[in-house]
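Have the structure open as you read.

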Amino acid sequence: MQTKMTTMFGIEYPIFAFSHCRDVVAAVSKAGGMGVFGVSALLPEDLETDLAWLDRELQGRPYGVDLVVPESEGKDLESLKAEIPEAHKRFVAQLGERFGVPERRSGRAGREFGKGTWGPKLAAEQWQVALNHKVAAVVSALGPLPPSIVEAARANNIRVGGMSGAPEHARRHVAGGAEFVIAQGTEAGGHTGDVSTFVLVPQVVDAVGPVPVLAAGGVGTGRQLAAALALGAEGVWTGSIWLTSNESSLHPRAVEKLLAASSFDTVRSRARTGKPLRQLKTAWNQAWEAEGAPKPLPAPYQRALVYEQMQSIEEHGVAEPIGSAVGQIVGTMNERRPAARIMRRLVEEYAEVADQLRATINTHLGD
Ligand SMILES: Cc1cc2nc3c(=O)[nH]c(=O)nc-3n(C[C@H](O)[C@H](O)[C@H](O)COP(=O)(O)O)c2cc1C
């Protein structure tokens, strides 16, 4: 398969995989696509270890990093917590008791959170680490990257991309130096906007063309890959489908739930971060929807409020409240498979669909 995006990175298939798990990133890049490592939550020292590992594993095959670079420095965990209403704190404590959430094991929340998973300072440190490795792309999860990062990327032959949920976001990314953009529909896992992939992608293609666009949100089969190309995308950007791959580091209890879930089992809830985040429906996020529950606080307060509880739930695999950010495509993720097999099936099914489409077109045009 050849598109502008395969040419840009010298890869076989225009299939990009966002993951917080380095094993998934490596497996997808080895299988002919391109893994992009979500590094927002990593401390620089941990990122250094992971990127050194990826360089060794991939032996020159390309991979990318996805950065979260907020405009201003966030407050640390303790300062945010001090401003949170007592009623919210009581509600979270009650949830902890109701679900039997134990203390966290690692106990370094202050450092992880306070160094700002969410501040420009941490992002700058992460970027300095990335520059010392064989990163082929840097993607901004928020708005355009600061000019200093774009310039350094150019100087180091690293291509710049940006996530968008609206044509205007995509235009801003391109004005800020992005060489490709991702158009992410509301059905995607993670933070999403309101417009579906099917409606959004052609609008973003029209807004920024000839800059290449990747379609994101709801891609898990070769049929969806073919549809994305028909919409004018130069490839797809996937996230959810790797969560149930063999390489995924998600807790096995969360994986089980994802494998059993249907496309009706996700919810866009503000309970985790204060912003609408598509995730698996769980007893935990449903508790925030119940009558009498407090309204989730705005970002970053909500995340500060629930951060340690969420970390503990995920670390210990607490059965009832555990879940994950995931998109509506979860309804077709029914089997645990190696990432390479997921890639192969996407490509094979794409080839089958392309043949069918060719036959249909020939029939209509009388050959
Ligand atoms: C568990 C999870 C975490 C995510 N975290 C981020 C993130 O940190 N940065 C980002 O740019 N996108 C993030 N996303 C969104 C993905 O980059 C991607 O756009 C999305 O998963 C595509 O839709 P899909 O889930 O239907 O494949 C996340 C998605 C998931 C499922």
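## What counts as a salt bridge

A salt bridge here is a side-chain nitrogen of Lys or Arg within 4 Å of a carboxyl oxygen of Asp or Glu. Please keep in mind that this is a predicted model.

With that definition in hand, how many salt bridges are there between domain 1 and domain 2? The count is 1. In the model, the side chains of Asp194 and Arg268 form a salt bridge, with 3.2 Å from N to O.

## The interface in numbers

Where the domains meet, 28 residues of domain 1 contact 26 residues of domain 2. About 2100 Å² is buried between domain 1 and domain 2, and carbon and sulfur atoms give 50% of that area. On the domain 1 side, Leu43, His191 and Thr244 lose the most area to domain 2; together they make up 26% of what that side buries.

## Polar contacts and the domain 1 face

You will also find 10 residue pairs in polar contact between domain 1 and domain 2, counting pairs with both residues at pLDDT 80 or more. Which elements give two or more residues to the side of domain 1 that touches domain 2? They are α3 (44–58) and β7 (190–191). By class, that side of domain 1 has 17 polar, 6 nonpolar and 5 charged residues.

Definitions and conventions: Residues numbered from 1 in each chain as written. Predicted model: local features only at pLDDT ≥ 70, side-chain atom pairs only at ≥ 80, totals over all residues. Heavy atoms only, no water. Contact = heavy atoms within 4.5 Å. Buried area = accessible area lost by both parts, 1.4 Å probe. Polar contact = N/O pair within 3.5 Å; in protein donor to acceptor, adjacent residues only side chain to side chain. Helix = DSSP H or I, 4+ residues; strand = E, 2+ residues; numbered from the N terminus. Nonpolar A, V, L, I, M, F, W, Y, C, P; charged D, E, K, R; others polar.
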